[in-house]
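Have a look at the model first, then read on.

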Amino acid sequence: MEGLARWMKKNLFSTPLNSAVSLVLIGVLFQALGPLFDWLFLKATWEGTAQTCRHGEGACLVFIKEKFIFILFGFYPREHLWRPILSIILFVSMSFYSRKPERWTRRTLWRWLKLCLLIVFLMKGGFFGFEEVSIDKWGGLPLTLMLSFIGLVFSYPIGILLALGRTGHLPFVKAISVGYIELIRGVPMISLLFMASVMFPLFLPEGIVLPKLLRAQTAIIMFMSAYMAEVVRGGLSAVGKGQYEAADALGLNYWQKMLKIILPQALKIVIPPTVNTAIGMFKDTSLVVIIALSDLLMTTKTSLKDPKWLGFSVEAYLFVSLIYFIFCFSMSRYSRQLEEEFHYGGRL
Amino acid sequence: MEISPKKEGLARLWYNPKSRALIFQVLLLLMVVTVVGVLVTNTQQNLEKQNIASGFGFLSQEAGFEISESAIEYWADDSYQKALWVGILNTLKVAVIGNFFAILLGVIGGICRMSPNWLLSRIFASYIELARNIPLLLQLFFWYAVFTEVFPGVKESLNPLPGVFISQRGFFFPIPAAHSIWPWVKTALAAGVLLTLGSAYFLKRRREKTGVQKPLWPWVTVFLVVLPIIVWAFGGAPHELDVPQLGGFNFSGGMSLTPEFVALMLGLVLYTGAFNAEIVRAGIESVSKGQWEAASSLGLTRFQTLRLVVLPQSLRVIVPPMTSQVLNLIKNSSLAVGIGYPDFVAVANTTMNQTGQAIEAVLLIMMVYLFFSLTTSFVMNIYNRSQQLKVRG
């Protein structure tokens with residue numbers, strides 16, 4: 001009790017001004033959070049129909065109960081729901097397994113490859129007695145995760161190549177890399193998605209039709225690569241000049257120098273900003289709503305259009321916010337943890 | 001001793017680093033040219049087949065759609081070109097106002113985040129984590145839904161202050177009624193801003209020359225308060241207000257902010273402000289502890305230390321990442337299309353759907369935003385250079 005008093009004196013009431021600020025804040029918090037808590041829990045409608053919700057004063061949690069399967073999985077056939085659920089569990093646990101730097105080995109890479117094949121097989125089906133579920137039925141959380149994961153896997157190597165091109169000494173390659181990176185970083189992602197949805201079909205010869213999902217995925221990869229390139233470039237310039245000179249003095253050629261000496265160090269330095277870029281991309285996949293792909297945000301919007309359940313947007317958006325928050329927050333915590341580990345571990 | 005055997009002919013070209021680099025680049029050039037060529041031919045064939053004429057001729061055609069808010073006079077029978085201008089101006093409005101408030105929120109948030117008051121710093125920490133980890137588009141949808149679903153209809157508008165109304169249709173508040181003196185008051189205010197800047201510059205130069213420090217606030221009061229009031233009084237001190245009146249289905253008169261605009265502003269400012277706050281915090285943390293201690297042993301208060309010693313030094317760390325946040329806000333304002341605010345992307349999108357000129361519309365969007373981005377980074381780079389350490393040799 002005395003400890004608590006001392007803590008409060010030190011952190012809340014150290015000076016008259018501080019005390020005043022604390023008191024005002026406590027008042028404001030009670031005024032704001034009290035009604036919010038009431039609305040969300042105490043007065044919320046947990047059972048019933050849309051009609052009971054409209055008569056109640058609080059949040060309509062019945063809506064969430066009714067719609068969360070649709071929000072999470074879109075139009076995926078209900079009788080096969082265990083397949084996307086299992087896929088997400090596998091994906092999340094594999095991510096959790098690979099969180100430790102000492103597990104970043106070739107073996108883990110193989111496991112990821114096998115896992116991806118397994119997930120595609122699970123989601124798509126079509127053989128071994130699994131009923132086929134066509135890609136346009138996929139939606140919700142699996143789609144959001146897929147767009148960001150595939151985006152990351154492809155944009156990382158492309159970003160490295162672009163960064164190498166930009167820092168290298170081949171003038172034409174440099175011009176192309178700089179032009180690409182600056183162009184992409186100068187325009188909003190929406191313009192790329194528009195390009196994917198209306199221009200890509202014009203680029204292709206007649207008869208070849210790419211599904212919209214693939215086009216959007218391409219746009220996401222194009223966009224993400226430019227940002228990855230800048231992150232990697234930061235790493236390349238953070239590696240000491242002596243490393244470059246030492247590699248040259250050993251007589252290594254350009255690719256040997258980069259692959260064996262520079263990149264392993266550079267990429268390690270920029271792991272935290274890389275994770276941050278990945279978080280940004282995870283959030284940005286929600287923009288595919290604008291071109292009407294059924295990702296997590298789109299399924300939410302679709303569920304709100306159900307004429308029986310009009311008018312519960314706030315509840316629905318709070319629910320998806322929570323899902324996005326859980327993913328982004330754990331990733332950013334992870335990034336911070338890695339940063340500390342690399343910073344103090346003296347492993348660089 | 002021969003290190004490498006002499007190569008003959010073509011092989012020699014391959015083993016010479018210079019010519020190899022050249023070969024590699026020529027190959028890459030050929031590849032790029034081929035890809036672009038194929039894409040262009042395909043596009044031309046496809047356009048021909050769909051009977052779409054390329055080019056920007058459509059810009060002078062009649063647009064035929066209404067735009068809900070506009071800084072310049074615009075009617076549905078104006079040209080696409082004018083409609084797109086309206087969009088650009090709307091984007092600019094959001095970019096300027098949004099960045100102003102986002103930077104303000106960032107500075108305040110960053111400082112509060114580091115406050116010794118545990119509660120204050122925790123509140124801002126939670127806000128920052130919450131705002132940064134939820135997609136912006138979702139936040140925009142949320143704020144827009146709050147407007148359309150939580151706020152009452154026009155007939156039952158909230159009336160928190162006399163003359164101020166909040167409803168699903170937006171914010172309505174009174175403005176001074178039209179009078180011939182108001183343009184002059186505005187001019188006086190603008191002149192006052194210039195005069196204030198001038199006197200600040202003058203005072204700074206004198207301080208640097210003579211070391212005499214005179215306060216700025218008397219000049220600020222004279223130029224920004226007294227001068228406009230004199231002009232206003234001179235015009236007969238009009239004080240009638242144009243109060244919003246409920247008539248039919250909506251308010252008329254006064255000033256209004258549409259729900260789209262307010263939702264967009266809230267979303268953009270809260271989202272970008274959180275990133276800005278973290279940048280400001282990192283900037284303040286980058287100033288060494290010795291500076292705080294030295295300032296405090298000179299007898300400066302915490303606030304004085306922050307304003308006179310720490311913030312000027314941390315600007316060097318703050319400005320470059322803040323520049324990219326300013327640019328991010330401008331680019332993110334394109335999400336307005338998701339909630340129906342008529343920004344440039346929304347207008348270009350409507351144009352694209354009506355005319356079918358997909359390539360031109362997307363190119364226009366890219367060019368306009370590239371122009372915004374390049375101009376902003378140019379201006380911020382100049383500012384950044386002025387803030388860097390001046391090394392006198």
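## The A/B interface

Chain A and chain B bury about 4700 Å² between them, 74% of it on carbon and sulfur atoms; buried area here is the accessible area (1.4 Å probe) that two parts lose on being put together, summed over both. Keep in mind that this is a predicted model: local features need pLDDT of at least 70, side-chain atom pairs count only at pLDDT 80 or more, and totals for chains, interfaces and linings use all residues. Residues are numbered from 1 along each chain as its sequence is written, chains are lettered from A and ligands numbered from 1 in the order in which they are written, and side-chain values use heavy atoms, with hydrogens and water left out.

Contact (heavy atoms within 4.5 Å) brings in residues from both sides:

| Chain | Residues in the contact |
|---|---|
| chain A | 57 residues |
| chain B | 51 residues |

There's 1 salt bridge across the interface of chain A and chain B, meaning a side-chain nitrogen of Lys or Arg within 4 Å of a carboxyl oxygen of Asp or Glu. It pairs R336(A) with E129(B), at 3.1 Å from N to O.

On the chain A side, helix 15 of chain A gives the largest share of what touches chain B, 13 residues. Helices are DSSP runs (H or I, at least four residues), numbered from the N terminus.

## Inside chain B

Helix 3 (residues 80–113) of chain B meets helix 11 (residues 344–355) of chain B through residues including Y80(B) and L84(B) on one side and F344(B) and V347(B) on the other.

Methods. Helix = DSSP H or I, 4+ residues; strand = E, 2+ residues; numbered from the N terminus.
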